[in-house]
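Biologist: Before we go into details, I would like to look at the chain together and ask about its parts one at a time.

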Amino acid sequence: MDTADGRRPESIAAQALGWIDEATRAITPPLHVSTTYIRDPDNQYRSGRVYARADNPAFDQAEAVIARLEGGAQAALFASGMAAATAVFQALAPGDHVLAPKVMYWSLRNWLMNFATHWGLQVELIDMTDPAVVAAALRPGKTRLVWIETPANPLWTITDIAATTALARRAGARVAVDSTVASPVLTRPIEHGADFVMHAATKYLNGHSDLIGGVLVTRADDDAWKRIKTIRAQLGATLGSFEAWLLLRGLRTLYLRVRAASQSAQRIAEHFAHHEHIEAVLYPGLADASGHAIAARQMAGGFGGMLSIRVKGGEAAAVATAAHVALWKRATSLGGVESLVEHRASVEGAGTPAPADLLRLSVGIEDCDDLIEDLEQALSLGRR
Ligand SMILES: Cc1ncc(COP(=O)(O)O)c(C=O)c1O
């Protein structure tokens with residue numbers, strides 16, 4: 001069934017591994033909505049399927065495609081990126097020590113500090129971009145997980161996955177990478193040593209701002225992975241059948257979308273880097289960005305579609321600029337075909353690392369000159 005052997009990732013994604021539906025010979029898979037499966041007269045379940053909270057044929061193809069694109073042993077779809085991420089932490093035991101970055105997706109940081117700590121995890125937030133800090137924070141035999149996000153929301157800081165993984169391994173800790181922003185198009189964390197890769201499939205993997213979903217990929221089908229799969233089944237953090245179907249459709253164009261967004265983001269970053277109304281552009285593709293050298297090693301073919309601009313004039317000027325965009329959409333989220341702008345400090349509230357003058361930009365696939373012109377006019381009007 002699988003015609004993808006030896007093919008490049010673009011071909012694997014476009015044809016979703018080349019699978020066809022054996023029952024109908026359809027190229028596009030059917031939508032499986034059944035929640036339950038027939039038991040054989042002798043009381044066995046020979047299909048291997050029992051109940052759709054544990055697994056669902058609607059997941060099979062998308063999970064197989066994502067596992068292949070990431071170079072992992074298996075993948076598991078979840079009801080959201082948060083459901084996928086929190087499953088990794090819930091697979092640990094109370095008392096375990098975990099390291100996570102100070103700069104990371106804010107909602108997961110909040111969950112770690114407000115829920116996971118009450119549940120018994122010892123969560124330590126550190127500067128994950130500095131291997132010396134990581135080395136000092138690791139407690140051999142006690143630290144069970146190191147969580148990386150690279151590039152990291154909303155400053156797009158870069159963590160060296162290979163260097164961090166080498167340190168973690170020596171201390172007996174696993175490494176999970178939130179690779180939502182890079183996507184497998186630009187970075188394959190398992191090749192750099194990571195144990196788990198996590199994506200908010202809501203973002204680039206689906207790419208059309210029309211589903212909430214998450215996915216984990218594992219290097220090995222080991223005990224930790226089995227615990228994660230059990231958590232998905234028992235807590236019911238399962239994706240819907242239609243969302244899984246939509247996700248597979250979105251995946252087919254992943255490479256085109258991410259490359260287009262990355263190219264435009266690079267151009268936009270360079271255009272505004274020395275602009276009269278801009279204090280700073282945060283983007284790992286800029287040669288003077290702090291993580292640029294690592295990003296150039298770790299990311300292949302671009303630096304992603306996410307960047308932030310710091311607007312001269314502080315919070316008022318940033319909010320006024322966002323108020324005047326016409327083509328960019330003022331909205332949260334990222335990784336869709338449409339470009340979004342967001343005043344990030346307003347969303348994250350107290351404790352955010354986002355400066356008050358920062359606008360987060362998710363670059364879509366529109367014409368790049370249109371995007372630049374629209375930001376130019378918004379920056380001018382925002383100053384009046
Ligand atoms: C980097 C990153 N990780 C995780 C998440 C959580 O994903 P979801 O909203 O699907 O729960 C997001 C969502 O914004 C994100 O941007």
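The questions and answers that follow concern a predicted model.

Biologist: In the open sheet of 5 strands, what is the strand order, and which strands are the edge strands?

Modeller: The pairing in this open sheet is mixed, and its 5 strands follow the order β8-β9-β12-β11-β10. Strands pair through backbone hydrogen bonds, either parallel or antiparallel. Two strands of this sheet pair on one side only, and these edge strands are β8 (278-282) and β10 (329-330).

Biologist: How many bridges join β11 to β12, and which residue of β12 does H343 stand opposite?

Modeller: Strand β11 covers residues 340-343 and strand β12 covers residues 358-362, and the two run antiparallel with 4 bridges between them. Within this pairing V341 stands opposite L361, while E342 has R360 as its bridge partner. The residue of β12 that stands opposite H343 is L359.

Biologist: Which residues of β11 are buried on its two faces?

Modeller: In a regular strand the side chains alternate between the two faces of the sheet. In β11 both faces are covered, and the buried residues are L340 and E342 on one side, with V341 and H343 on the other.

Biologist: Why is β12 described as largely enclosed by the rest of the structure, and which of its residues lie on each side?

Modeller: Strand β12 is largely enclosed because 5 of its 5 residues are buried, where buried means a relative accessible area under 20%.

Biologist: Where is T180 found, is it buried or exposed, and what is the length of the polar contact between its side chain and that of D178?

Modeller: T180 is found in the loop between β5 (174-178) and α7 (183-186), and it counts as buried because its relative accessibility is 8%, which falls under the 20% limit. Not counting residues up to four places away in sequence, T180 touches M198, H199, A200, K203, Y204 and L334, and a polar atom of its side chain lies 2.9 Å from the backbone nitrogen of A200. The polar contact that joins the side chains of T180 and D178 has a length of 2.6 Å.

Biologist: Why is E376 called partly exposed, and with which residue does its side chain make a polar contact of 2.6 Å?

Modeller: E376 is found in helix α14 (residues 368-381), and it is partly exposed because its relative accessible area is 25%, between the limits of 20% and 50%. E376 and E276 are 100 residues apart along the chain, yet their C-alpha atoms are separated by 11 Å. Leaving out residues up to four places away in sequence, E376 touches H271, F272 and H275, and the residue whose side chain is joined to that of E376 by the polar contact of 2.6 Å is H271.

Biologist: What lines the largest cavity, and what is its volume?

Modeller: The count comes to 1 cavity of 30 Å³ or more. The largest cavity is lined by Y204, G207, R257, A261, G335, G336, V337, V363, G364 and I365, and by class this lining has 5 nonpolar, 4 polar and 1 charged residues. The volume of the largest cavity is about 40 Å³.

Terms used
Residues are numbered from 1 along each chain as its sequence is written. This is a predicted model: local features need pLDDT of at least 70, side-chain atom pairs count only at pLDDT 80 or more; totals for chains, interfaces and linings use all residues. Side-chain values use heavy atoms; hydrogens and water are left out. Two strands pair if DSSP finds at least two bridges between them. On a 1 Å grid over the protein atoms alone, a cavity is a set of points where a 1.4 Å probe fits but cannot get out, and a pocket is an open set with protein on both sides within 12 Å along at least five of seven lines; lining residues have an atom within 4 Å of a point. Grid points are joined across faces, edges and corners, and a volume is the space filled by probe spheres set on the points. Ala, Val, Leu, Ile, Met, Phe, Trp, Tyr, Cys and Pro count as nonpolar, Asp, Glu, Lys and Arg as charged, and the others, Gly among them, as polar. Buried means under 20% relative accessible area, exposed over 50%, partly exposed in between (1.4 Å probe, protein chains only). Contact means heavy atoms within 4.5 Å. A polar contact is a pair of N or O atoms within 3.5 Å; within protein, one must be able to donate a hydrogen and the other to accept it, and residues adjacent in sequence count only if both atoms are side-chain atoms.
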